[in-house]
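The points are set out in numbered form for reading beside the coordinates.

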Amino acid sequence: MVYMIEGGGSKTYSKAKSWLYKYPEESCDLLNLLSTFIVDYLVEQVKAGAQLLQVFDSHAGELPKSLFISFILPCLKKIGEDVKEKLGPNLSVPMILFAKGAHYAFNEINETNYDVIALDWTMDVEKARECFPNKTLMGNLDPCALYADKEKIDELAKDLVEKFGTRRWIANLGHGMYPDMSPDHLEALVNSVHKHSQKDLTS
């Protein structure tokens, strides 16, 4: 919806956000239409062989809680529920929800039926564990940490393992990589997570 209304990137997202205030019914219509297409797309992804699905809301943190709860959360719930219903028990796969910046809605997000909650790099792991006691967490290293040397990356990976533990956690960045990042540094992160996770499991 952001890019349809803005026509591209934006620093303020003011055009898209203004729709939520000025045209609430039309905003709901558009969001529901997009949700329907997203559901169909995700279902086809699974039929084509996808074993895991992730739903991104990369701009959740741009909204106040009231707008997120009123406009966005119902659509996220619909996507999660409708995908699983259409796939049925035989085709159903785990689903991840990534609502970047939505610290304010942890409790409400916990009520969705997503299996995994992805955390951005600003989110507190301890608070997330409290708010999502029955969900797997994913994250949440600052992507820019991959610019560090490999020794520092190893240190940061150790810290991640200590914070998250080795159960119900998928190690990941708190958002995507940047084009100029070295793949070798990503490999170093993966290897370090494996190393420190093994130490935790055997200790």
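The points below treat the helix pairs, then individual residues and backbone features.

1. Basis of the note. This is a predicted model, in which local features need pLDDT of at least 70 and side-chain atom pairs count only at pLDDT 80 or more, while totals for chains, interfaces and linings use all residues. Residues are numbered from 1 along each chain as its sequence is written, and side-chain values use heavy atoms, with hydrogens and water left out.

2. Helices α3 and α4. Helix α3 covers residues 24-47 and helix α4 residues 65-91; their axes come within 9 Å and cross at roughly 25°. Helices here are DSSP runs of H or I with at least four residues, strands are runs of E with at least two, and both are numbered from the N terminus. Axes are lines fitted to C-alpha atoms, for helices over the stretch in contact, and angles run from 0 to 180 degrees between N-to-C directions. The two helices are therefore roughly parallel to each other; angles under 35 degrees count as roughly parallel, over 145 as roughly antiparallel, 65 to 115 as roughly perpendicular and the rest as oblique. The crossing of α3 and α4 is right-handed, a term used if the near helix is turned clockwise from the far one by less than a right angle, with anticlockwise giving left-handed. The residues of the contact of α3 with α4 comprise 15 nonpolar, four polar and four charged. In this division Ala, Val, Leu, Ile, Met, Phe, Trp, Tyr, Cys and Pro count as nonpolar, Asp, Glu, Lys and Arg as charged, and the others, Gly among them, as polar.

3. Helices α2 and α3. The axes of helix α2 (residues 14-22) and α3 come within 5 Å and cross at roughly 120°. On the α2 side the contact (heavy atoms within 4.5 Å) is made by W19, L20, Y21 and K22, and on the α3 side by P24, E26, S27 and L30. Five of the residues in the contact of α2 with α3 are nonpolar, one is polar and two are charged.

4. Helices α7 and α8. How do the axes of helix α7 and helix α8 cross? The axes of α7 (residues 150-164) and α8 (residues 183-202) come within 8 Å and cross at roughly 40°, which makes α7 oblique to α8. The crossing of α7 and α8 is right-handed. From α7 the contact draws on K150, I153, D154, A157, K158 and V161, and from α8 on D184, H185, A188, L189, S192, V193, K195, H196, S197 and D200. By class, the residues of the contact of α7 with α8 are six nonpolar, four polar and six charged.

5. L156. This residue belongs to helix α7. L156 has a relative accessible area of 23% and is therefore partly exposed; buried means under 20%, exposed over 50% and partly exposed in between, with a 1.4 Å probe and protein chains only. Not counting residues up to four places away in sequence, L156 touches L141 and A145. L156 and V193 lie 37 residues apart in sequence and 9.2 Å apart in space, C-alpha to C-alpha.

6. A128. Helix α6 (residues 125-131) holds A128. Is A128 buried or exposed? At 0% relative accessibility, A128 counts as buried. A128 touches F106, L119 and L137, residues up to four places away in sequence not being counted. Between A128 and H103 there are 25 residues in sequence and 8.9 Å in space, C-alpha to C-alpha.

7. T112. The loop between α5 (106-110) and β3 (116-118) contains T112, which is buried with a relative accessible area of 5%. A polar atom of the T112 side chain lies 2.7 Å from the backbone oxygen of I109. With neighbours within four places in sequence left aside, T112 is in contact with L73, K77, L97 and K135.

8. Backbone features to inspect. A cis peptide bond joins G139 and N140, with omega about -15°; N140 lies in strand β4 (residues 136-141). Y13 is not a glycine, although its phi is positive at about 55°. Y13 sits in the loop between α1 (2-6) and α2 and is buried at 12% relative accessible area. R168, also not a glycine, has a positive phi of about 55°. R168 is found in the loop between α7 and β5 (169-173) and, at 43% relative accessibility, counts as partly exposed.

Methods
Polar contact = N/O pair within 3.5 Å; in protein donor to acceptor, adjacent residues only side chain to side chain.
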